[in-house]
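Student: Hi! Could you walk me through this structure while I have it open?
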Amino acid sequence: MFTRIFGKPKPEVNTLTALDELNDKLEMLEKKEKVLLKKAAAEVEKAKEFTRAKNKRAAIQCLKRKRLYEQQIEQLGNFQLRIHDQMIMLEGAKATTETVDALRTGAAAMRAMQKETNIDDVDKTMDEINEQTENMKQIQEALSTPIGAAADFDEDELEAELEELEGAELEEQLLQPATTAPAAPVHVPAGWQPTRPVSSKPTAEEDELAALQAEMAL
Amino acid sequence: MMLHFVQPSKLKTKKMVFEDVYASCDSTTLEHLKELSSKRKAIEDSINECNFVTEAIAKEMSGGLESRFEQDIHKIENYLPFLEILIPYADATSTINQIQISQWNAALKIRWSSALTTSSFFKIKGPKFFQINNLRFELGMTLFLCGGILRERALEVLSTDLVQSATIFRQAAGIYHHLAQEVLPHLEPELPPEKPPEALAAVSSIMSLICLAEAQAVTIRKAEEKGTSSSLLAKLHHGVTLFLEEAIGIFHTVVTQCKDISSRLSEFMYFCKCLHELKGQQYLAESLKACGQIGAAIGVLSSVLNKVKKKIPGEDPWKSIYQKQIQDASEVLRKFVHENDFVWHEKIPSIYELPLPEGTKIVTFIPYSPKRWERQLSFKGLV
């Protein structure tokens with residue numbers, strides 16, 4: 001009866017392999033997130049440039065693209081969270097499996113000690129198993145909840161953000177010192193050239209090569 | 001990842017008795033000839049595998065050398081100085097002396113097998129022996145054998161001492177270079193139409209380059225242990241391919257002179273070149289990726305993998321070594337492609353836009369200086 005209720009636990013290698021693969025995917029997602037963050041920052045810089053050039057429409061377009069990148073970044077964050085959840089679930093499932101194994105061992109030991117199975121012990125074991133099963137179901141339900149649809153762009157918010165950028169730009173200009181008149185030209189005697197010290201350092205690769213040759217007695 | 005080509009150390013020879021042929025005038029000369037014959041017999045027994053002494057006795061006789069290859073090298077090094085003394089007599093100026101020496105050399109019956117001919121790989125009736133009545137043939141084949149055994153000795157110590165291994169390869173390269181430049185050019189005008197490839201100067205040039213390639217391969221192993229940068233490792237691997245390409249070029253000219261030279265030698269050079277090219281491009285790709293050029297890295301790896309997959313060695317152990325390298329490089333390529341698809345989306349340049357490999361040769365041969373006893377010999381019949 002117990003053999004049918006408790007299946008064979010998953011081999012350790014499979015769990016570890018899955019965790020390694022999930023870690024690899026997580027790393028890939030993190031790299032992509034960094035790339036998108038760079039692109040978003042680049043769009044902000046472009047928006048500033050267009051603002052200086054009084055091209056409001058183009059600046060707003062850049063901010064829209066920035067929003068798109070930020071949405072992608074948010075989505076990647078959700079993906080990472082899902083992978084983390086799955087890793088936690090895998091580890092939890094592993095712990096659960098080990099617990100069930102321990103319970104089975106305990107149950108088998110009790111069965112060996114007692115000639116008749118005590119119904120109260122069986123009920124207790126089943127209650128615990130049901131509790132674990134319920135927890136797993138809740139986790140799966142939480143994972144299967146769909147992510148809400150992306151919000152619409154708010155034009156007013158974009159306008160406000162643009163005004164903030166303009167304000168920052170203006171403030172930056174006000175802090176600049178006044179430009180001075182160009183200095184008088186300095187007369188340099190004809191044919192005179194400034195002497196530069198010739199310092200050519202060997203590259204790291206050349207150092208490596210020299211060290212290798214020394215070590216190999218070449 | 002080094003392929004093994006053992007043939008150059010597999011020469012065999014027949015017995016020679018100098019004192020029965022060369023007419024001595026005095027006891028010193030006679031003693032010298034007997035010593036010469038005795039030392040040569042030690043080599044004969046060893047390479048013909050007619051040795052009946054146990055390993056312990058062989059070690060004792062060679063003064064404590066454990067390695068069979070070391071023992072053989074020791075015997076050859078003892079024999080060569082005695083043989084070198086006779087070489088000047090081969091350059092007799094007078095016609096009368098030339099006739100006399102030719103008669104003696106014919107009576108000596110200098111015979112060696114070849115390990116680099118096509119027939120030597122089928123061994124139906126045992127090895128074929130070539131007889132050339134010239135002392136330089138004896139000197140040339142002995143030195144060729146010495147170079148071959150040094151190569152085997154270098155491979156023997158590879159796992160324990162990389163510096164010593166590389167040094168021995170360079171010594172072997174020096175011997176082959178000496179053969180190609182100083183010994184065999186004098187012999188070639190007197191070679192008969194049917195001759196072993198080992199008697200050609202060009203073949204020794206090939207072997208010298210192979211030894212240098214192998215010495216550099218050992219050096220690369222040390223570089224990899226040290227954690228050398230990918231860009232330098234790429235140049236070193238391509239340096240090995242430069243040595244081998246030069247050797248392959250010489251081989252194409254040798255084939256016209258010696259039609260029965262084995263293609264095994266050519267295959268060895270070709271597959272070694274492909275392996276190092278693959279490894280070099282793999283390091284180049286890793287270097288490019290580190291510089292943020294993953295598209296070029298993918299292009300480089302794809303290109304070299306397509307190239308080396310065109311031809312695969314037919315037999316183990318070459319085949320499994322070769323396929324393992326291809327598998328490793330393919331795995332790296334798969335990871336690069338996946339990362340580019342997911343993260344970078346870089347364009348992969350066409351084959352004409354790829355960076356060209358740059359090779360660096362850093363090993364040179366150790367020059368070989370023949371040793372020769374200072375001894376005056378006197379022969380009857382020579383004026």
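Tutor: Happy to. Keep in mind that this is a predicted model.

Student: Nice. At what angle do α1 and α3 of chain B pack, and how far apart are their axes?
Tutor: Helix α1 (residues 27–47) and helix α3 (residues 68–90) of chain B pack at about 150 degrees, and their axes are 9 Å apart. Angles over 145 degrees count as roughly antiparallel, and α1(B) and α3(B) are therefore roughly antiparallel to each other.

Student: Which residues meet there?
Tutor: From α1(B), the residues include B:L33, B:L36, B:K39 and B:I43, and from α3(B) they include B:D72, B:I76, B:F82 and B:L86. By class, the contact of α1(B) with α3(B) has 10 nonpolar, 3 polar and 6 charged residues.

Student: What does B:E35 pair with in a salt bridge?
Tutor: B:E35 pairs with B:K39, at 3.4 Å from N to O. The two are 4 residues apart in helix α1 of chain B, so about one helical turn separates them. B:E35 is partly exposed, at 31% relative accessibility.

Student: And what about B:E84, buried or exposed?
Tutor: B:E84 is buried, with 4% relative accessibility. The side chain of B:E84 meets that of B:R372 in a salt bridge of 3.2 Å, N to O. B:R372 lies in the segment after α11 (318–344) of chain B and B:E84 in helix α3 of chain B, so the pair ties together parts that are 288 residues apart in sequence. B:R372 itself is partly exposed, at 44%.

Student: How many salt bridges are there over all chains?
Tutor: A search of the whole structure finds 36. One of chain A's is between A:K48 and A:E45, where the closest N and O atoms are 3.9 Å apart. A:K48 is partly exposed at 28% relative accessible area, and A:E45 is partly exposed too, at 41%.

Student: Switching topic: where is B:F130?
Tutor: B:F130 sits in strand β2 (residues 129–131) of chain B. B:F130 is buried, with a relative accessible area of 6%. Among the residues it touches are B:W112, B:F137 and B:P196.

Student: How far is B:F130 from B:S113 in space?
Tutor: They are 6.0 Å apart, C-alpha to C-alpha, and 17 residues apart in sequence. B:S113 belongs to strand β1 (residues 111–113) of chain B, and B:S113 is buried at 1% relative accessibility. The contacts of B:S113 include B:L11, B:P127 and B:M141.

Technical notes. Residues numbered from 1 in each chain as written. Chains lettered and ligands numbered in written order. Predicted model: local features only at pLDDT ≥ 70, side-chain atom pairs only at ≥ 80, totals over all residues. Heavy atoms only, no water. Axes fitted to C-alpha atoms, helices over the stretch in contact; angles between N-to-C directions. Parallel < 35°, antiparallel > 145°, perpendicular 65-115°, else oblique. Contact = heavy atoms within 4.5 Å. Nonpolar A, V, L, I, M, F, W, Y, C, P; charged D, E, K, R; others polar. Buried < 20%, exposed > 50% of the residue type's maximum accessible area, 1.4 Å probe, protein only. Salt bridge = Lys/Arg side-chain N within 4 Å of Asp/Glu carboxyl O. Lists of a residue's contacts leave out its neighbours within four places in sequence.
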